[in-house]
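Take a look at the model below. We will go through it from charged pairs to helix packing to surface.

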Amino acid sequence: MPQARAPAPPSVESTEGSTSSLIDVDSPHISSVPSDFESQATQTKTQAERMEREAEDKARATSQKSSEAANEASQKASEASSKVSGEGKKFSQYASEKGEAFSRDAKEEYEKVKKSTSKGYRDGKQEAKEKGNELSRNRDNPVVIGNAIIIALVSAGLGFGAYKKYTQGELDWKLAGATAAVVGAFSVGDYYLSQ
């Protein structure tokens, strides 16, 4: 179904003719004025006097307001100055006290950390020596030697096998996961057999 359009809006007929004014300028009750009358800022004497009075009133009010504002600003500035100097002294003293306390706390913390670090270093060094001595004592143990040989052979075999699978394009996550599971099972079995 076609859509209907709205009716056209009414229009005003343009009747521009030769007569542009209907005012009879020759009648006695109409007075003529100079052609630049509308562009003059002051058009009558009464209007000029009123504008002069308004300007004087505005000047007086502005002068009074500026004097009041200057007095108020001066008063507030002196109040703020005294308040700031008092607050500044308090803040300076507070900052000095806090700075000294912070410095003291930092020195104490540094000394604690220094002592615990040196103790931890000595303990770690001692533990490393003990583990080294334990390995040194077990170097003739056939289980330790057997485990070292098995680890070396299994690592070499796994590395070579993985390289071959990679060059053939057959190395994927499924194969890597299965190999890791076999190595994990072997490690658990070796651990229990070595006990």
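Is arginine 50 buried, partly exposed or exposed? Arginine 50 is partly exposed, because its relative accessibility is 36%. Bear in mind that this is a predicted model.

Arginine 50 has a charged partner. Its side chain meets that of glutamate 54 in a salt bridge, 3.3 Å from N to O. Glutamate 54 is partly exposed too, at 39% relative accessible area.

Another pairs aspartate 57 with arginine 60, with the closest N and O atoms 2.4 Å apart. These residues sit three apart in H1, so again about one helical turn lies between them. Aspartate 57 is partly exposed at 43%, whereas arginine 60 counts as exposed at 52%.

Glutamate 170 and lysine 165 also form a salt bridge, at 3.1 Å from N to O. Glutamate 170 is partly exposed at 44%. Lysine 165 is partly exposed at 31%.

Lysine 165 leads on to the helix packing. In H2, Lys165 is among the residues that meet H3, including Val143 and Asn147. On the H3 side, the contacts include Leu175, Thr179 and Asp190. The axes of H2 and helix H3 (residues 173–194) come within 12 Å and cross at roughly 175 degrees. The two helices are therefore roughly antiparallel.

Now the surface. Ile150, Val154, Leu158 and Phe186 make a nonpolar patch of about 300 Å². Helix H2 (residues 142–168) gives the largest share, three residues. Valine 154 lies in H2 and is partly exposed, at 34% relative accessibility.

Definitions and conventions:
Residues are numbered from 1 along each chain as its sequence is written. This is a predicted model: local features need pLDDT of at least 70, side-chain atom pairs count only at pLDDT 80 or more; totals for chains, interfaces and linings use all residues. Side-chain values use heavy atoms; hydrogens and water are left out. Patches are made of residues with over 30% relative accessible area and no salt bridge: like charges are joined within 9 Å, nonpolar side chains (Val, Leu, Ile, Met, Phe, Trp, Tyr) within 5 Å. Accessible areas come from the Shrake-Rupley method with a 1.4 Å probe; for residues, only the protein chains shown count as cover. A salt bridge is a side-chain nitrogen of Lys or Arg within 4 Å of a carboxyl oxygen of Asp or Glu. Helices (H or I, at least four residues) and strands (E, at least two) are DSSP runs, numbered from the N terminus. Buried means under 20% relative accessible area, exposed over 50%, partly exposed in between (1.4 Å probe, protein chains only). Axes are lines fitted to C-alpha atoms, for helices over the stretch in contact, and angles run from 0 to 180 degrees between N-to-C directions. Angles under 35 degrees count as roughly parallel, over 145 as roughly antiparallel, 65 to 115 as roughly perpendicular and the rest as oblique. Contact means heavy atoms within 4.5 Å.
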